[in-house]
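Hi everyone, thanks for coming.

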Amino acid sequence: MTQSITTSHSGKRRFAVAMWLLVAALLLLAAGNLLIGAVDIPAAEVLGILAGHESENYAWQIIVTQTRLPMIVTAALAGAALAVSGLLLQTVFNNPLADPSILGVSTGSGLGVAIVMLAFGGSIGTVFGTTFGGYVSILLGAMLGAAVVLIALLMFSMVVKGATMLLIIGIMVSYLASSAISFLNFFSTESGVHSYVIWGLGNFSGVTARQLPLMAVPLLAALAWAALMVKPLNAMLLGSRYAENLGVNLRRVRNELLIITGVLTAVVTAFCGPIGFIGLVVPHIARLLLRTSNHNRLIPATVLAGMVVALLCNLISVLPTSVGVMPINAITPVIGVPIIIYIILNRKRIFYFN
Amino acid sequence: MKPIITTHNLATGYRHGGSTTMVMSRIDIALQRGRLTALLGQNGIGKSTLLRTIAGSQAPIEGEVLLDGRPIAEISRHELSKLLSLVFTDRTMAGGLTVRELVSLGRQPHTGFFGRLDRHDRQVVQQAVESVGVAHKIDSFVAELSDGERQKVMIAKALAQETPLIILDEPTAFLDVASRIDTMQLLCRLAHSTGKAILLSTHDVSQALLLADELWVVADDHSLHCGTTEDVVLSGAMQAMFSSEKVRFNMLKGDYEVDVPLRGKAVLRCTDAELGYWLSNALRRNGVAIVHNSGSTGGVLPEIEAKSPVDITVCGTKASSVAQMITLLDEILRDSLHSSLT
């Protein structure tokens, strides 16, 4: 990442330490996700399979390469995407509590997916459907839903000045989308409802190795684009009037940022379901860890921390239970809510709030 | 020297669809370089609208703003960011930046796509921080600063932008008295030492009269009175700022005061100027008009003779404080009122 602002030496050291810690945690959690699961596979076998050796147990081979590996990549990508999406929304709306699920972007994507899944439910299989067209239509539905909500929010943000009011509008928009989803559920087929409900619980294990590029390419592109926005993002920390005075083309930058967050949220939502809290919490974890609001360090740290949190949630979800994989959305609040409450209670002492 | 901003027959206001709301009209101003100019006026009279129009962020209803001789509407956003820097009192999310990082944001118009700072940029930032006097806080978080320091950091950001014009919208609004004076003095010094034109709006009349080279006073009827501070004051424009009959501009004190209903008169004899000033302040507040130096009042008016704050004689009775003087005077005035009624 390019250095857009001079950093004091202590800040640089802190950044280096934090990044190494995050990388270590990431590797550890990735290893955990490879080794732990419903099926007990010896660590040596897992390593062997990863190294490219044929395992004598063909099922193990399939589990590691076709299930666990894609799941880890999916979780890491989704975590990074949601976390960066939350960070961008917090800066764009000048609101530390903004995030794709609170502002209704995830629900908007969900509505898009619901329309595709339930309205055309017959033609689409279990969760995604089997045809390439099936994935693409779900993806497009999610993006369209996210775009509608983001445009509505942007228009409201021009009229409503207070950050809290905008959050409430986001929550209201979210309710509206939920109500539309309920209607769709009510009038749709049982199998459609079932697959939608399963999708709504959130999980990182629904993406196969073959589908992975379809998810990874737009996410990586959007993340790279976000990294190029460091300069205007930092200017926006001062608020829109200052940013404009510093030469930022606010309308264009805002639109670009909303497209980026829209893509990040919609793609993750389409493939993994509407996952809450990661977008809200991770930017705060990154800020507290680095002690900075400077995006040139915050974005890489948010990417890594997002991966770490998502992998942690995933690891908990695949811990051996009698009923199989737990829904991700049952786990994210358990991690997210205490952190958010801690931050709200301590906001007077947390440097970046003042 | 040529003024940095000129307008001719400018009208400010808002457009809502087809209708326009005019706020101020027939504005002819010339903003001078190297001077501190203060914009004064009541709340809601259109100060911020005027500042926004001058800064090019709001289109005028009529006329145009010329920045360095060029219509401001024709200057690109990027070029404008090198000509004019702004300071507001907006809440920011910048608490998690260090002072150095925040002031470095002022270099954005001069840096490339990634905003990388070169040696020169870093020097400019260092100088900006030093010239507003927060160099010792350069590695502190903005969140750790006092309100006054924070405002100075925003001024340093404006300096780092290296623009010939700085516009500040009520920069002292939320500051305590000491930081208010400090900030105004800083702006005055910067205008004189850097040759920049500095324009600020403020409600702090006394500081503006002390430190501003030029005044722009928006009168109660939305007319604008511009000129060198003393010329504007002596023209009587300060009285025109408020429509109220009760609020009066005191030309001797350079501040506004409220008329107190008159209860009586008194003669004040005092040679000490300071003591005399504060005694007349107490008398005025209590509705007592002072008749100066009348040798032959015929003993009708109460006489006050003051030698020191603890030696004041009111009609022959000793008072050892201003409080006692007021009590004595109250009794005398009540008696005289009583006797005049009977």
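Let's zoom in on chain B. Find Ala306(B): across from it, in S17(B), sits its bridge partner, Ile312(B). One thing to keep in mind as we go is that this is a predicted model.

As a reminder from class, strands of a sheet pair through backbone hydrogen bonds, either parallel or antiparallel.

So what order do the strands of the sheet come in? In chain B it goes S15-S14-S16-S17-S18, which makes five strands in an open sheet with mixed pairing. Look at the edges: strand S15 (288-292) and strand S18 (317-319) of chain B each have a single partner strand, so each has one side with no neighbour in the sheet. On average, neighbouring strands here are turned by 30° against each other, ignoring direction.

There's a helix on this sheet too. Helix H9 of chain B, residues 273-285, lies across S14, S15 and S16 of chain B, and it runs at about 170° to S14(B).

Okay, over to chain A. How many helices and strands does chain A have? There are 14 helices and zero strands. Its radius of gyration is 20 Å, close to the 20 Å that the globule rule gives for 354 residues, so chain A is as compact as a globular protein of that length. Of those 354 residues, 51% are buried. And if you take contacts in chain A between residues at least 6 apart in sequence, 80% join residues at least 24 apart.

What about the inside? The largest nonpolar core has 175 residues, and Ala81(A), Val84(A), Val267(A) and Leu311(A) have the most contacts within it. Helix H3 of chain A, residues 58-92, gives the largest share of this core, at 17 residues. Take Ala81(A) as an example: leaving out residues up to four places away in sequence, it touches Leu219(A), Leu223(A), Leu264(A), Val267(A) and Val268(A). There's also a second, separate core of 12 residues, and it includes Ala266(B), Leu279(B), Leu283(B) and Met325(B).

Last stop, the place where the chains meet. Chain A puts 29 residues into the contact and chain B puts in 30. On the chain A side, helix H9 (230-236) and helix H10 (240-245) are the elements giving two or more residues. That side splits into 10 nonpolar, 15 polar and four charged residues.

Technical notes:
Residues are numbered from 1 along each chain as its sequence is written. Chains are lettered from A and ligands numbered from 1 in the order in which they are written. This is a predicted model: local features need pLDDT of at least 70, side-chain atom pairs count only at pLDDT 80 or more; totals for chains, interfaces and linings use all residues. A nonpolar core is a set of buried Ala, Val, Leu, Ile, Met, Phe, Trp, Tyr and Cys residues joined through C-beta atoms within 7 Å. A residue is buried if 20 or more other C-beta atoms lie within 10 Å of its own, exposed if 12 or fewer, and partly exposed in between; C-beta atoms are placed from the backbone. Helices (H or I, at least four residues) and strands (E, at least two) are DSSP runs, numbered from the N terminus. Two residues are in contact if their C-beta atoms, placed from the backbone, lie within 7 Å. Ala, Val, Leu, Ile, Met, Phe, Trp, Tyr, Cys and Pro count as nonpolar, Asp, Glu, Lys and Arg as charged, and the others, Gly among them, as polar. The radius of gyration is taken over C-alpha atoms; the globule rule is 2.2 Å times the number of residues to the power 0.38. Two strands pair if DSSP finds at least two bridges between them. Axes are lines fitted to C-alpha atoms, for helices over the stretch in contact, and angles run from 0 to 180 degrees between N-to-C directions.
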